[in-house]
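Please examine the structure below together with its sequence.

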Amino acid sequence: MLRLYTHAFSIVPWRVRIALHEKGLDYETVVTDLHSKQPEPGFLALNPFAQIPVLDDEGFIVAESMAILEYLEEKHPEPALMPSDLESRATVRKWMCWGTDYWPPAWKKWMAPRLPGTSGDSSTPESVAEGRREICHHLDVLQRQLVGREWLVNDYSLADICYAPFVLVLEHVELGEEIARRPAVDPWVDRKEHEAWQEIVHFTDRYARQLIRDQGMNNHLSWDFDHSYTRNAAMVAHSLMEEYEEHMRAQGAADPAAH
Ligand SMILES: N[C@@H](CCC(=O)N[C@@H](CS)C(=O)NCC(=O)O)C(=O)O
């Protein structure tokens, strides 16, 4: 059985969950909270850089979302999430790199005041505004590419799967209007036929809202809360996640849309 080290509030692992879903692969999850606790030595043996996602395929360990996605693609080629021709594959990998290398720094700047205890202390109004500008630059690049196209490169591919989670969360962090302003991006993130996209965000949002209720946190923004950076919230997040993972196991983890 495949095992995925993940956490519902961590966005990068969503890529892997989406790919597992698309390929119809059954897997179990290991809820890995790297924010409120020191990483376990056992986890560091899997990834000394202490990042999720990590995939364990019957003892073969792969870290890094892009390596995991490519591994799954080679091992389970159907349905294909990579194009068949060389140039299109290179183009898909370019998008995967853009999303992986350049989006997270922009996201962290924008999120810093919302996630105290990370880089919130050094955040300034200028750095937050810069984060927004950088995110908007990604959206402009996506917009240009998506005009007249359904997917980023030919058919649905790992390029879409790598970028979509980042764009999907924007409406929860006061940036929904930026998607709405880009008429080709909006329908791309809203594709109902790829229910894994919607479900993953739905679950995250649902648990975020519950946290806000339980913690009496400001619900001005659905994600304007310190979800795992204070001990108390982390405890709640963790127990909610356990409940969620348990529920997913009962439903059949390969089908996040099952309920
Ligand atoms: N380059 C890594 C980045 C993964 C990543 O950013 N993981 C975050 C969660 S979304 C993480 O594990 N953070 C742990 C921490 O910051 O302590 C990949 O693509 O897998």
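In this predicted model, the residues of α6 that are buried are L158, A159, D160, I161, C162, Y163, A164, P165, F166, V167 and L168. Because eleven of the eleven residues of α6 are buried, the helix is largely enclosed by the rest of the structure. In general, an α-helix has 3.6 residues a turn, so residues three or four places apart point the same way.

The largest nonpolar core has 41 residues, and its largest share, nine residues, comes from α6. Within this core, the residues with the most contacts are A19, W95, L158, A159, Y163, V167 and V185. Other elements also take part: β1 (2–6), α1 (12–22), β3 (54–57), α3, α4, α5 (125–146) and α8 (185–189) are among those that each supply at least two residues. The core draws on both domain 1 (2–75) and domain 2 (86–191), with at least three residues from each.

When its neighbours within four places in sequence are left aside, W95 is in contact with L152, V153, A159, C162 and Y163.

Is G59 buried or exposed? G59 is classed as exposed because 6 other C-beta atoms lie within 10 Å, and the exposed class covers residues with 12 or fewer. G59 and M1 stand 58 residues apart in sequence, while their C-alpha atoms are 9.7 Å apart in space.

Confidence remains to be considered. The protein has a mean pLDDT of 80, and 69% of its residues reach 70 or more. Over residues 215–237 the pLDDT is below 50, although this stretch has 54 contacts in the model beyond near neighbours in sequence. Residues 254–259 also have a pLDDT below 50, with 18 contacts beyond near neighbours in sequence. Where pLDDT is low, the predicted coordinates should not be read in detail.

Conventions:
Residues numbered from 1 in each chain as written. Predicted model: local features only at pLDDT ≥ 70, side-chain atom pairs only at ≥ 80, totals over all residues. pLDDT = per-residue confidence, 0-100. Contact = placed C-beta atoms within 7 Å. Core = buried A, V, L, I, M, F, W, Y, C linked by C-beta atoms within 7 Å. Buried ≥ 20, exposed ≤ 12 C-beta atoms within 10 Å, placed from the backbone. Helix = DSSP H or I, 4+ residues; strand = E, 2+ residues; numbered from the N terminus. Domains from an automatic or database assignment.
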